[in-house]
Amino acid sequence: MADVRATVTSNLRRCLRDPVVHLTVRATLAATLSYAAAVALHTSPAPLTAPLTALLVVQVTVYTTLTTSVRRVNSVVVGVLIAIAFSAVTGLSWWSLGLVILTSLTVGQFVRVGEFVNEVAISAMLVLGVSQLAAQAWDRVLETLIGAAVGLAFNLLFAPPVWVDTAGASIEDLARRARHLLLGIGEQLSGPTPVATAAARLHEARALDQAIAEVDAALRQAEDSLRLNPRISEGVLSRLVLRTGLDTLEICVVVIRVLARSLTDLAKHRGRDEALFRPDEALALGELLGHVGDALVSFSVLVTTPVSRNAEAAELRLTGELTAAHAVRDRVAALLLARVRLQPHAWQLHGALLAELDRVLDELDLEHRSRRLMEELDRESAARRSRLTAPHRLRRLLGG
C-alpha cells in the first residue's frame, strides 16, 4: 500500500511539473476568476471577453504573462478606437467592414502588439457590429482590462515554478546523446566500416540538430521563468550560465557532425573490407572519443548544477576527463602522423579528425568557459546600464 501511495504521489508531482498541465490548470482558474469579477462589476450580461483575455494572457511564466497582457490590452484598445472612428463616419456594410479590417491590420503592425495583430481587427469588427456602440466598446475594453489584471495578479500571487530543472535535464540529455554517438563511432573504427554504416552515424549526428532546437525551446522557457520571478535572487547569472552552456554544446554538436562527415569520406577512400584505422590507431581514437564524450556529460552537469558543492565535484570530473583526453590526443596525433608518412593520400582527413577533436576540447576548457561567461556578464551589465541611463537622459532633456 505504501508503494502504491508513493507511486501515485510521484506521478502526480511529475504531472504537476509538466508545463502543459501547469498552464492548463492556471489558465482555467484565471479565466473562471476573471469571469466572476466581470459579472460582479456588471460590465455586460455575458462578459466573455474577460475570460477570453485571461486565457490568452496567462502563460507559464510571469515575464510572458506581463508582456502578453500589455500587448493584448493594447490591441483591444486600438481596435475599439478604430471602430469608434469609423462609426462616426459610416455604418456597418461590406465595404466599411473590409476597410475596418484593412485599417486595423495595418495599424496593428505599427503599434507593436506582436502576435495580437489579428485581435485589433477582431475587436474593431465586434465593436462596430453591436448596438449602443459607445457603451459596448468601452465595456469590451473594461472586460479586457479585467481579464488581463486577473491573469497577471494570478501569476504574481501564485508564482509559477522555475523551469530551470527541466531545461537542465534537457541539456544533460543532449550531452548524453552526443556521448552515445561518440562511443558508437569509436566502436566502428577497428573493423571494416562500409560507407552505409558511416553514413548512418552521420545521419544520427544530424538528428542532434533537432534535439538542440528542443533544448533551446526549454531553455527559453526557463529564462522567462527567471525574469521578474520574486523567488529568484540571481536570475541573470543562472540564465547566462545555462545559455552559454547550451551554446558550447551546440558548437560541439556541430563539430561532431563534421567529424562524422570526415569519417564517412574516409570510408569512401577505403575498401569495403578494409578497416578505417589500424588496431593501435583505432584503440587510441576510441579511447579519445570516450574521454570527449565523458567530458561533454561532465560539462553539462557542471552548467546545470546549482549547488556549489556538487558543481565543484562536476568541475573536478571535467578537469580529469580533459586531462586524460589531452594525453590520449597527443598519442593519437603521433600515430596519425606516422600513418600519414606511410600513406599520405588521406592526410587531409586524418588532420581534419584531429582538428575537430581539438576544437571540442577547446570549447570544453574551463578557462575558455570562464572567459566566455565573463564576457556575457559584461555585455549584460552594459545593456542594463544603458537601459537605466536612458530615463535619466530623458529627464535631463525635459528639465532643460
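The model is predicted, so local features need pLDDT of at least 70 and side-chain atom pairs count only at pLDDT 80 or more, while totals for chains, interfaces and linings use all residues. Residues are numbered from 1 along each chain as its sequence is written, and side-chain values use heavy atoms, with hydrogens and water left out. The protein chain has 14 helices and zero strands, where helices (H or I, at least four residues) and strands (E, at least two) are DSSP runs numbered from the N terminus.

**Overall build**

- Of the 400 residues in the protein chain, 42% are buried, where buried means under 20% relative accessible area, exposed over 50% and partly exposed in between, with a 1.4 Å probe and protein chains only.
- The accessible surface of the protein chain comes to about 20900 Å², and 62% of that belongs to carbon and sulfur atoms; such areas come from the Shrake-Rupley method with a 1.4 Å probe, and for residues only the protein chains shown count as cover.
- Among contacts (heavy atoms within 4.5 Å) between residues at least 6 apart in sequence, 79% join residues at least 24 apart.

**Helix H11**

- Helix H11 (residues 279–304) has end C-alpha atoms 38 Å apart, which agrees with the 38 Å that its 26 residues should span at 1.5 Å a residue, the expected span being 1.5 Å times one less than the number of residues.
- H11 is mostly covered, with 20 of its 26 residues buried.

**A buried serine and an exposed leucine**

- Ser-75, in helix H4 (residues 62–87), counts as buried because its relative accessible area is 0%, and its contacts include Val-113, Phe-116 and Glu-119.
- Leu-102, in helix H5 (residues 94–108), counts as exposed because its relative accessibility is 53%.

Key
Lists of a residue's contacts leave out its neighbours within four places in sequence.
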